[in-house]
Every structure is written in structure tokens, then in C-alpha cells.
Amino acid sequence: MTTSGNIILNQSQISQKIRRIAFQIYETNSSEKEIILAGIVGNGYVFAEKLMVVLQEISNLKIILCKVNIDKKKPLGPVSTSIS
């Protein structure tokens, strides 16, 4: 099986989606003083970092970034976070 390398979203579209998600998070949590963004180590954490940047631009929320460590091959195993 070969892949055709189709692009689902381009960089501009990805940025728009991240911005919209950030606005939805802010709208839902606008009465909060701080929120925790948690991302699974790897791409989930990278996504959380990108969300944090946009949230800092659009809001005055204090944002705590949390790494979630999970064995993706054994998801029912132990899970740890960067927050104690």
C-alpha cells in the first residue's frame, strides 16, 4: 500500500483551528483565574504548547502546562504527570 501524501490541512488552516480551539477554551473558562492544559508526551504536548501560546495572547488566564507520561503500547499501565 502506498500513501499519496495528501495534506489534510495546510499550516494556515492548522493555525486557524488551534486559534478557534483556544477561543472555545477561553469562552468556556473565562470565569476561571487559571487552567491546566495537559498533553500526552509527544504530539499531544506540542499541541498543548501551541494552545497555550494562543491562550496567552487572547486572555489573562494563568495557564499551567502539564506533561502526561503514558505508555501508548500499554495504556492501562501507570500514568504520571509533570504536576505533583
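Contact here means heavy atoms within 4.5 Å. With that in hand, a word on the model itself. It is a predicted one, where local features need pLDDT of at least 70 and side-chain atom pairs count only at pLDDT 80 or more, while totals for chains, interfaces and linings use all residues. Residues are numbered from 1 along each chain as its sequence is written, and side-chain values use heavy atoms, leaving out hydrogens and water.

**Overall layout**

The chain has two helices and three strands, where helices (H or I, at least four residues) and strands (E, at least two) are DSSP runs numbered from the N terminus. Read from the N terminus, the order is α-β-α-β-β. The radius of gyration, taken over C-alpha atoms, is compared with a globule rule of 2.2 Å times the number of residues to the power 0.38. For this chain it is 16 Å, well over the 12 Å that the rule gives for 84 residues, so the chain is more spread out than a compact globule. Its C-alpha atoms fill a box of roughly 50 × 35 × 15 Å along the principal axes.

As for burial, 23% of the 84 residues count as buried. Buried means under 20% relative accessible area, exposed means over 50%, and partly exposed is in between (1.4 Å probe, protein chains only). Of the contacts with a separation of 6 or more, 57% are between residues 24 or more positions apart.

**The core**

A nonpolar core is a set of buried Ala, Val, Leu, Ile, Met, Phe, Trp, Tyr and Cys residues joined through side-chain atoms within 4.5 Å. The largest one here has 15 residues, and Ile35, Leu37, Leu55 and Ile63 touch the most other members. At least two residues come from each of α1 (11-28), β1 (34-40), α2 (43-58) and β2 (62-70). Helix α2 gives the largest share, with seven residues. Take Leu55: leaving aside residues up to four places away in sequence, its contacts are Ala22, Ile25, Tyr26, Ile35, Leu37 and Ile63.

**Salt bridges**

A salt bridge is a side-chain nitrogen of Lys or Arg within 4 Å of a carboxyl oxygen of Asp or Glu. That rule gives three of them:

| Pair | N to O distance |
|---|---|
| Arg19 and Glu57 | 3.4 Å |
| Arg20 and Glu27 | 3.4 Å |
| Lys62 and Glu34 | 3.7 Å |

Arg19 and Glu57 meet in a salt bridge; Arg19 is in helix α1 and Glu57 in helix α2, so this pair ties together parts 38 residues apart in sequence. Arg19 is partly exposed at 36% relative accessible area, and Glu57 is exposed at 56%. Lys62 also pairs up with Glu34; they lie in strands β2 and β1, so the pair ties together parts 28 residues apart in sequence. Glu34 and Arg20 each count as partly exposed, at 40%.

**Out on the surface**

Ile8, Leu9 and Ile14 make a nonpolar surface patch with about 290 Å² of accessible area together. Patches use residues with over 30% relative accessible area and no salt bridge, with like charges joined within 9 Å and nonpolar side chains (Val, Leu, Ile, Met, Phe, Trp, Tyr) within 5 Å. Accessible areas come from the Shrake-Rupley method with a 1.4 Å probe, and for residues only the protein chains shown count as cover. Ile14 is in helix α1 and is partly exposed at 33%.

Val41, in the loop between β1 and α2, is partly exposed at 38%. Not counting residues up to four places away in sequence, Val41 touches Lys67, Val68, Asn69 and Lys72.
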